[in-house]
Amino acid sequence: MENLVEAKALTKHFGAFEAVRGIDVEVRRGEAFGFLGPNGAGKSSTMRMISCVSGRSGGELKVLGMDPGRDGPKIRARLGVVPQLDNLDTELTVRQNLQIYGRYFGMSRQRCREKAAELLEFAQLGDRADHEVEPLSGGMKRRLTIARSLVNDPELLLLDEPTTGLDPQARHLLWDRLFRLKQDGVTLIITTHYMDEAEQLCDRLVVMDGGRIAAEGSPSELISRYSTKEVLELRFPPGARKPDLERFADRVEVLPDRLLLYTHDGEHVLAKVHEQGVQPVQSLVRRSSLEDVFLRLTGRTLVD
Amino acid sequence: MTQTLDRAGQAKPASVGLLWRVIPPGLYGGRAGMLVERSVVVNRRAWFVLIGGAFEPMLFLWSLGLGFGQMVSSVAGPDGRPISYAAFVAPALLAASAMNGAVYDATFNVFFKFKYVKLYDAMLTTPMGPMDIAIGEISWALLRGGLYSAGFLAVMLGMGLIVSPWALLALPVALLVAFAFAAVGMAATTFMRSWRDFDLVQLAVLPLFLFSTTFYPLSVYPGWLQVVVSWTPLYHAIELMRGLTLGVVGWGALGHVAYFAVLAAVGTVVAARRLGKLLLD
């Protein structure tokens, strides 16, 4: 299978600070690949290196089979980039944002007009085409940024925290657009600190922490490898002493406000806990998620 | 114009061999023209602001040349022959307006786009590089400055202040002067941290405007100050312009041209490299 991105022992440091500490990554054509990790894990630095706007400090990196250090412009011509913060051109209208961006890729004016019309529809911004950019809602700006990144029909689309700061409805609308791209055969690389986003969108992902890769696999693989089928969450009043329940579960995680009991049968464990006379404020049995994988791997929760 | 823009878009990196040695590969995508096109689209809606800028030097000309000129019967021209005060001050205002326009575009406007709109970050995710940005922004400053200079020259012609065919060269010279100031201004902008630093731009530009023999000849200064003034850029621009519009042109003019060519080249390279460093860390 063809790899669109290949990194070996890739590092990035800013002065004495090491943002990326030697990671190996392969992204295959047609897949949706995720970097999951908390803020400061080195995801964005990695993305910037892949999008050829930041040089690597060490290791090897190939994007679309080329060296970003030498063929940056050539690679960027075939990439779509959605940055963490929208950087739309506020001096242009919605439509002009798409058209002029196409011109930066050297597309003809005619082609830019056609592409802009097509993408306005894709982003569901047709009725705002000739409006200013500034008054658009967060979700609309995000969709426009994604539409803009598609202007050159990229083979590889890089999305850095695509839904951070959006309300649930806007997020789902955006995920729907990304699914559609995936079906059209566009390779996606997504960074996120939302586990639901990673589970929804990614075929394969790496969990990053402190500039290193902690684990790699599909969401379901990671969950079965690093967690149990179910989780029993017991919530206790703030400051209360939490009972020792180690013997009832495969593993127990102690969080400030609750206990997480990892087991293959949550209800069964809950019944046993009740037998012991333990009375949590609240109890919940749920399936394991990537959040649990992350907790297991790093000892910390993903979202603060 | 459409054609020139398209040609710029197709320029291959190979055609800039000399540049290649100074600018590391990957910094230039050969698409600077697209940035100029963007500026045209943006300013199409604000054309009255553009036109407005052309009036500033004309107001100075009418106030000083016509008003103040009444009190000064005549001044010694570049070759010693007496000329009207308006004819003396007009070419200087032409040079100064080339400087002002270029500096404004390349400092305030560039800083705004760089720091707040993050325009250049967005551009760098396309095949464009920092060199395209530097050349594109400087070219736009030039086009705008050229427009003002052409308008001002037309007014000078109408007022009978142009007496030599050499004045035909005043427009390209105004462009060169604007290029140099824009390039140096943009290079300086890459070192600015906040709007407060722009007071320094004013601090540099205003004394240049006032003291570079704009309003009176160099001979009013004591000897040592004459030497200082004769090193400043606007002085060279004014000398060139006066020579051209009054038809007093010697080999020394080439020296002035070389001065600006060097400023332009150094400014562009420094601006592109600094942008690369700031945006592509």
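How many residues of chain B are in contact with chain A? In this predicted model, 24 residues of chain B contact 23 residues of chain A. On the side of chain B that touches chain A, helices α3 (32–44) and α6 (119–123) of chain B each supply at least two residues. The largest share, five residues, comes from α3(B). Sorted by class, this side of chain B has 12 nonpolar residues, along with six polar and six charged ones.

Elsewhere in chain B, helix α7 covers residues 130–158, 29 residues in total. The distance from the first C-alpha of α7(B) to the last is 42 Å, close to the 42 Å expected at 1.5 Å a residue. Just after α7(B), Gly160(B) adopts a positive phi of about 70 degrees.

In chain A, four strands make up an open sheet with antiparallel pairing, in the order β11-β12-β10-β13. The edge positions are held by β11 (251–254) and β13 (282–287) of chain A; each has a single partner strand, so one side of each lacks a neighbour in the sheet. On average, and with direction ignored, neighbouring strands of this sheet are turned by 20 degrees against each other.

The pairing of β11(A) with β12(A) (residues 258–263) is antiparallel and consists of four bridges. Within β12(A), Leu260(A) stands opposite Glu253(A).

Note on methods. Residues are numbered from 1 along each chain as its sequence is written. Chains are lettered from A and ligands numbered from 1 in the order in which they are written. This is a predicted model: local features need pLDDT of at least 70, side-chain atom pairs count only at pLDDT 80 or more; totals for chains, interfaces and linings use all residues. Two residues are in contact if their C-beta atoms, placed from the backbone, lie within 7 Å. Ala, Val, Leu, Ile, Met, Phe, Trp, Tyr, Cys and Pro count as nonpolar, Asp, Glu, Lys and Arg as charged, and the others, Gly among them, as polar. The expected span of a helix is 1.5 Å times one less than its number of residues. Two strands pair if DSSP finds at least two bridges between them. Axes are lines fitted to C-alpha atoms, for helices over the stretch in contact, and angles run from 0 to 180 degrees between N-to-C directions.
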